[in-house]
Amino acid sequence: MLIAGFLALACVKLLYLPSYKSTDFEVHRNWLAITSSLGVQSWYHEATSQWTLDYPPFFAWFEFALSKVAVHFDPEMLVIKNLGYSSDKTILFQRLSVIVTDFVFAVGAWTCMKNMHNLKSVQARGPSRDAAIYTLLLTNAGLFMVDHIHFQYNGFLFGFLLLSIGAMMQEQYLLGSLWFCVLLNLKHIYMYIAPAYFIFLLRAYCFNNSAFSITRLVKLGSLVILTFVVSFGPFVNQIPQVISRLFPFKRGLCHAYWAPNFWAVYNLVDKALTIIGKKFGGDMIKIPTATDLNGTQASMTGGLVQDIEHIVLPSVPPLATFIITFLFMVPCLIKLWRRPNSVNFMRSLTLCGWSSFLFGWHVHEKAVLIMILPMTLLAVISRKEAKYFLLLAITGHFSLFPLLYPHQELYTKMFLHIAWAFLAVKMLKKVHKCDLLTLAEKIYLLASVIIFIYSEFIHFYLPPNLAKYEFLPLLAYSAYSALGVISTYVSPDRKR
Amino acid sequence: MLNVDYALLFSVSLILRYGVSLWPYSGEGKPPMHGDYEAQRHWQEITINLPLDQWYNHTQDNDLLYWGLDYPPLTAYHSYLVGQVAHRVNSSFTELHQSRGIESPDHKLFMRLSVIVADLLILFPAIRFFCGSSLSATALLLAIYPGLILIDHGHFQYNGISLGLFVISVAAVIRNCDVLGSIAFCLALNYKQMELYHALPFFFYLLGKCLHQPSFLRKISKLFVIGVSVIGTFVAVWLPFFLAGPYTTLQVVRRIFPVDRGLYEDKVANFWCTIDIIFKLKQNLDTSQIGLLCIAATLLLSLPSNLHVLRYPTPRNFVMSLLNTSLVFFLFSFHVHEKTILLVAIPAILATSVLDKKSAFQRYWLPWFLILTVFSMVPLLVKDGLLLPTIASTVFFCIMYGNLDQMVSTSSSPLNERMSSPLPVEPNSFWIQLLGFSQVVSLCGACLLTLLHEVYPPPARYPYLWPTLICAYSSLHFLLFLLAFHVIQFSSGVTVSYSKKKL
């Protein structure tokens, strides 16, 4: 079933080869070029293209390995100067590389599915549970949309996360940590869920039978340090440069397309208050018009990246977001410390991802996957978690719609989203043997259709004076999805 | 309430269909004639800009040599409807004369969506109607069969409409709603004249049912009612042309049945095309002799299965006869296109509903046959630039077929939670093993030929080597299948008609 499922999905992904691809395609082509043409000492200095290398070293080595295969498809893609090069062979190679490396994800999903059998606290059993875990992970519509159309390697990366979780389920703590360290050195955004790992490993591994074991701490520590040394070793002379590439703080509080998180709502409230204030307060409040902000034509919600200045509500510096994010992680971390089993570990992991999504600095809407994918494993454990999973996943995938904006992709995302939603509902219903969503929740999910019809169709036919608010569709998507994501976040906390 | 199983099946089917839509259509980027896509667009242009009596006639505004209408009136009406929508979306799509050869991403999206809409309105409801409320293997296979997807959503055609109507008619007739069935079949026939391939079994089955009526009065009245509905449907469809005059009506007939065309175009997996490799038919016989030979062979070979249905009119025999008759027509009739194999594939899939799912048919013959139908169209699909979607959709189909039990049983009771049967399973007999082995060897051969066709350029002396080999390979297999399917049809002997599933 592992191979059959993977292969079947690969066929569907292959069909979508000619889809729209975002600038991320060029980003990765550029990195293929950089890693294959230049020596290691120049990788993090090269800046011919605006898409500089901003992932940790292991990913750079990954691109290097890929470039060895790429040369057989079309050597021209490996020339740095060929900015925007996208011949048919290039597209074929790049898309195939995502499809093939998804195998890591398949193996990770399979491992988690198998290792779930060992967990005693899990209610539902049987082949329907296995099928649900494996299928819902593999066919995740959000992953399909982001990886195989928009273009990224998230499947590959999440594979390592799943392998890590799988190992933890088997109490193979060192192996689990190894996978996680590899993951961190592939993409550092996973640092957000590191607190869960830290607490879990400290409590479950280092405190061996309530006695603190120095040997274990040392073993763990050396493993972690060793991984980082192997990763950053070749770059030991350029650490500051690498760090500056990895953590660019010039970017604004919100990404171009508003991720449906707390700050999006915050911005919205700020904007609303500003408009109200202007109406009642006259000229006391000066609203920056579109041209004020660095002379660019875009507004806060127009779709470009820039620093946001808040007018009515206080401005939010990056440090504040970190503190708030961390504060919200604390409750689940405390619970994990008290009862350090694998299920709680997965819950903390998901909740850490959730907090960082809601309160983090410059969060991409793609980060919604960091909550949805681990939560797929939790969905088979209890009915409540299944319900939250459905609400989160369906809303989360819907929030990814603005990413695939061309007309052609409208139907792609619609069909993928609808199919997966039905699949999830059907499979989870079979696992838990009951209807999972209340009427109110179903109505909420169906309301997305209205938002969809508005944003994709009606908005274009509005009279000119309303159409200038081009941010409205994006705003609608964000606001609607934020409601879903935030409310489901609040709910699991309530059961503590 | 909403049937989640069907909703899931159809949305997955839509994902496959839309994915194939992203690839090139026939004649993309190949002026001046382009292909079937341009033909359909041209028909929209003709039907909305010209009066009805000029649609099929060669006039100053309507050059029949440039994709003249050659399907029956329902296609023309459909083109008219789609054309009206096209005109409102973007008038340049259907500008008389000006819009010839128009190619743009917007236009492509529009045309592709029109096929999807046709599937949503006709094919999917037909599947649901045929298969009933619980998902069956038949429904799954109909929804993901790659041949139909690749031709309709890749090459570009509207087979979903005629085949959908055909499926409805079969379902209705099996459920003893003969009037509805007759009307639906006539509509299918009036959409594409190729549905004549299915006409004989319908005739003989309905006749057989009439003859089995208890009393003479009942026999006559049933015959009469069916006759009236058939004639009524034809009149309703053709009325505008009758009113336009006898010349116009005859012109339509002339366009639909072009008797002056050759025995075949390109290479087809047809008996005559294969024989032609050894014995040059066109050189030794003239057109009318060839025509006679085709008709004689086709009718003669269709007789056994149809007489069987007349004598024992059961749903099982009817569906098997549909399969056998259409395969005979495909192999032996005049001017066959490789795409017409779809008319054989669909009845083959429908046969899963009347045969046992553990039978050799469903386990071996059917998947083997269906894959070969796709293989037989490979030269056409490669010419369109559809090789990758062909491979992808066919591999997907095979994997789904291999796991059919799991897919379909998910909608059933918890009894199916057990993965393996508690009953001891008999080891396969020698013949079944041989069958399985031949299937694997044959499919490897097909893959090899596809690979060679793609990778190895043919020698200069035989430029059509690979398409010819592919066609010959396919037609030899089809002859084998013809024999096997006849054996299966006749092996049932006399069986009572069993009632069909609930709606």
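This is a predicted model: local features need pLDDT of at least 70, side-chain atom pairs count only at pLDDT 80 or more; totals for chains, interfaces and linings use all residues.
The predictor assigns the complex an ipTM of 0.89 and a pTM of 0.90. For chain B, the mean pLDDT is 88, and 92% of the residues reach 70 or more. Two stretches of chain B call for separate mention. Residues 411–420 of chain B have pLDDT under 50, and the model gives them nine contacts beyond four places in sequence. Residues 493–503 of chain B also have pLDDT below 50, with 25 contacts in the model beyond near neighbours in sequence.

The fold of chain A may be considered next. Chain A contains 20 helices and two strands. It has 496 residues, of which 57% count as buried. Among contacts in chain A with a separation of 6 or more, 77% are between residues 24 or more positions apart.

The two chains meet in a contact to which chain B contributes 31 residues and chain A contributes 26 residues. Together they bury about 2700 Å², and carbon and sulfur atoms account for 79% of that area. Five residue pairs are in polar contact across the interface of chain B and chain A, both residues of each being at pLDDT 80 or more. On the side of chain B that touches chain A, helices α1 (4–21), α4 (105–131) and α19 (387–402) of chain B each supply at least two residues. The largest share, 12 residues, comes from α1(B). By residue class, this side of chain B comprises 23 nonpolar, five polar and three charged residues. One salt bridge is counted between chain B and chain A. In it, the side chain of Asp5(B) meets that of Lys426(A), with an N to O distance of 2.5 Å.

Over all chains, the count of salt bridges comes to 14. Within chain A, one of them joins the side chains of Arg29(A) and Glu26(A), at 2.9 Å from N to O. The two residues lie about one helical turn from each other, because they are three residues apart in helix α2(A) (residues 23–37). Arg29(A) counts as buried because its relative accessibility is 0%. Glu26(A) is likewise buried, with a relative accessible area of 11%.

Elsewhere in chain A, Asp435(A) forms a salt bridge with Lys429(A), in which the closest N and O atoms are 3.8 Å apart. Lys429(A) has a relative accessibility of 40% and therefore counts as partly exposed. Asp435(A) and Lys429(A) belong, with Lys442(A), to a network of salt bridges.

Asp178(B) and Lys222(B) form a salt bridge whose closest N and O atoms are 2.3 Å apart. This pair links distant parts of the chain: Asp178(B) lies in helix α8(B) (residues 178–191) and Lys222(B) in helix α10(B) (residues 216–243), 44 residues apart. Asp178(B) has a relative accessibility of 4% and so counts as buried. Lys222(B), at 19%, also counts as buried, because the cut-off is under 20% relative accessible area.

Methods. Residues are numbered from 1 along each chain as its sequence is written. Chains are lettered from A and ligands numbered from 1 in the order in which they are written. Side-chain values use heavy atoms; hydrogens and water are left out. Contact means heavy atoms within 4.5 Å. Buried area is the accessible area (1.4 Å probe) that two parts lose on being put together, summed over both. A salt bridge is a side-chain nitrogen of Lys or Arg within 4 Å of a carboxyl oxygen of Asp or Glu. A polar contact is a pair of N or O atoms within 3.5 Å; within protein, one must be able to donate a hydrogen and the other to accept it, and residues adjacent in sequence count only if both atoms are side-chain atoms. Helices (H or I, at least four residues) and strands (E, at least two) are DSSP runs, numbered from the N terminus. Ala, Val, Leu, Ile, Met, Phe, Trp, Tyr, Cys and Pro count as nonpolar, Asp, Glu, Lys and Arg as charged, and the others, Gly among them, as polar. pLDDT is the predictor's confidence in each residue, from 0 to 100. Buried means under 20% relative accessible area, exposed over 50%, partly exposed in between (1.4 Å probe, protein chains only).
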